[in-house]
Amino acid sequence: MRTDLHRHDTAPLTAVRNVGILAHVDAGKTTVTERILYTTGATYKRGEVHDGTTVTDFDVQERERGITISAAAVSCAWDGHRINLIDTPGHVDFADEVERSLRVLDGAIAVFDAVAGVEPQSESVWRQADRHGVPRIAFVNKLDRAGADLDTAVESMRRRLGTVPMVVQLPVGREDAFTGVVDLIRMRLLTWREGGDTYKEGSVPEELREEARRRRRLLEETVAQLHPGALEEFCDGAALSAGTLTGALRDLTRSGEGVVVLCGSAYRNRGVEPLLDAVVAYLPSPPDVPAVRGAVGDDEEEERACDPEAPLAALVFKVQATPRGRLTYLRVYSGTVHRGEAVWDAGARRTERIGRILRVQADRHTEVDRAVAGDIVAVAGVKAARSGATLCAPDAPVVLEPPAVAEPVVSVAVEAHRNADSARLVSALARLVEEDPSLVVRTDRESGQTVLSGMGELHLEVAVEKIRRAHGLEVGVGRPQVAYRETVSRGVSGLVYRHVKQEGGAGQFAHVVIDVRPLPVAQDGTGDGAADFVFRSVVTGGRLPRDYVQAVEAGCGDALSEGPLGGHRVTGVQVTLTDGSTHPKDSSPMAFRTAGRFALRAAFRASVMALLEPVVEVTATVPEDAVGGVLGDLAARRGQISASAMRAGTAVVTATVPLAELFGYASQLRGRTQGRGTFTSRATGYAPVPGAVSDEVVSR
């Protein structure tokens, strides 16, 4: 139901949906977004990924590579509602873009391939959404492809995601003959003609009625098991009305207890209208989600309700450099921000001024006078606020929790070909890091080289190419290096350290006794999965004041930055402070922090240490006749084969492989399979490097 977007710029908060599109690469996520824009009238021509004509993949590299690299925001209107959409990347190297987007979204559409079902990255983004508590509906796409099967895809969701799928549609026709769906809630047939822009509604055909009734019954039973109100009606009448079913589906979606599943073929424009109806019906509006909480003091928190009249609180989740200047993307959680208004950057403690407020349509913008609670907009004029910053009312400061930033796992050395361009390269790298916080730039202490670190080989390749194109710089790039870690394999108990320093006047004295042991190892090899460092104190009798214990903890944290094997960060360690003593005049928090740092370093030297390397799960899809060579190649790369299956004449091989062994794998796989093989990967954590233990100093 197309409606004019401009009529809904002032839509009530309950008529706003902030929704992200999540998927594995090539599941059809961007095509779904394009069809939503076309169906709602936001665009008047269907954009195609293969033609490079999509609205959201507007960057030159995105169009050349045919993948989404950075999250793009667009707005559209449907059935009296304004929908703010964020199309997120599906490639594992750009997962940090997904993380920042999920931080500001109220709901999401998870897109799955009807042939492949749940794929590695679709599982990863699903877990990210779980961490943020973002309600989702699912869209099983590409039902017109050979081998497509809704039931198989739904079963993979149940098995791999641990969710409860609530399927509300029955496909009509298989593969090329897919023409429509049966709406199991209203028990109506929806069909689309080839190339048509709208669907036709009719009665369910005789040959589908029994199957439709059976599936409706399964849906009712599933919902009744999860929803008390639906269970009561189901027990009274052995059936659920359409109104009760819709209300129960909405409640279960918003609580995360179940996931509504729809299906279609976005490329053929089939199933998009019911998907939009589901976004409006089931996903929450800004007032439906819990009020955001922020810090207003050292130990105080405050809730900010989604109310335009409340004090302003907005979170910066994206910064973008455009030919027209710097754009800062905001999610307004409370209050109202006006054009020309002064706001307070609570983290950096500086004042910023809002020059313009823009309703975003990917790379096109419409200027508006204000943005209210629940809005996602871009603003111009903000000069220094970074991603994760809180912009708030100067008289009501608050700091919202910023999006988490993943640690880089791959690094390359970069240098300008001409010495005269070195300063320009530094400026270009600074701008890159400002736009993408998952990139890190540092100077190597030994070689003096500038090192760029990121989430993967493709991530760094895209970043370097952006420097070349946007800044006109010729840049040399070294061989990629991975980020190793160190951990304690066997710890020590009762290590005593005394820090004594006397240089005239007040001295320094601190005495600590610590135990060090490894954290319980999870399947991913990264420790307990919740933290890489745990500190606790069992000192009794008031022998050490609380601030001294906290100083020891801080000192131990300092010691984690460099391990004894190769100077890599130490992870997976538990430190227990068991005893200590003070001096009446010379003890201080600084002395105990120093003692904590040197004590833990001494404990590492006395412990058995192990070197860890990043590992990834690789899923390779190859022709049946090439399986042997691919398996042998993965084994040569120290890969551990975990699964192998046949699917529609091809083999799907899953293995865990050290990231360092995957550089250049894409071209080698194409060579082994005559261009027919593809692979995807997702980070799974760290694992021990064989033989790299104890006091070996390893430089990789």
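Mentor: Let's take the aromatic pairs, then a helix crossing, then one histidine.

Mentor: Keep in mind that this is a predicted model, where local features need pLDDT of at least 70, side-chain atom pairs count only at pLDDT 80 or more, and totals for chains, interfaces and linings use all residues. Residues are numbered from 1 along each chain as its sequence is written, and side-chain values use heavy atoms, with hydrogens and water left out.

Trainee: How many aromatic pairs turn up in a search of the whole structure?

Mentor: Six. Rings of Phe, Tyr and Trp (its six-membered ring) pair if their centres lie within 6.5 Å; planes under 30 degrees apart are stacked, over 60 edge-to-face, and the rest tilted.

Trainee: Why is the pair of Phe 112 and Trp 126 called tilted?

Mentor: The planes sit at 50° with the centres 6.1 Å apart, so the pair is tilted.

Trainee: What makes Phe 112 count as buried?

Mentor: Its relative accessibility is 2%, and buried means under 20% relative accessible area, exposed over 50%, partly exposed in between (1.4 Å probe, protein chains only). Trp 126, at 4%, is buried too.

Trainee: What makes the pair of Tyr 497 and Phe 598 stacked?

Mentor: The angle between the planes is 15°, and the centres are 6.3 Å apart. Tyr 497 lies in strand β31 and Phe 598 in helix α13, so the pair ties together parts 101 residues apart in sequence. Tyr 497 has 23% relative accessibility, so it counts as partly exposed, and Phe 598, at 32%, is partly exposed as well.

Trainee: Why is α10 called oblique to α11?

Mentor: Helices α10 and α11 pack at about 120°, their axes 10 Å apart (axes are lines fitted to C-alpha atoms over the stretch in contact, and angles run from 0 to 180 degrees between N-to-C directions). Under 35 degrees is roughly parallel, over 145 roughly antiparallel, 65 to 115 roughly perpendicular and the rest oblique, and that makes α10 oblique to α11.

Trainee: How do you know that His 459 is buried?

Mentor: At 3% relative accessibility, His 459 counts as buried. His 459 is in helix α11. Leaving aside neighbours within four places in sequence, His 459 is in contact (heavy atoms within 4.5 Å) with residues including Asp 93, Phe 94 and Asp 436.

Definitions and conventions
Helices (H or I, at least four residues) and strands (E, at least two) are DSSP runs, numbered from the N terminus.
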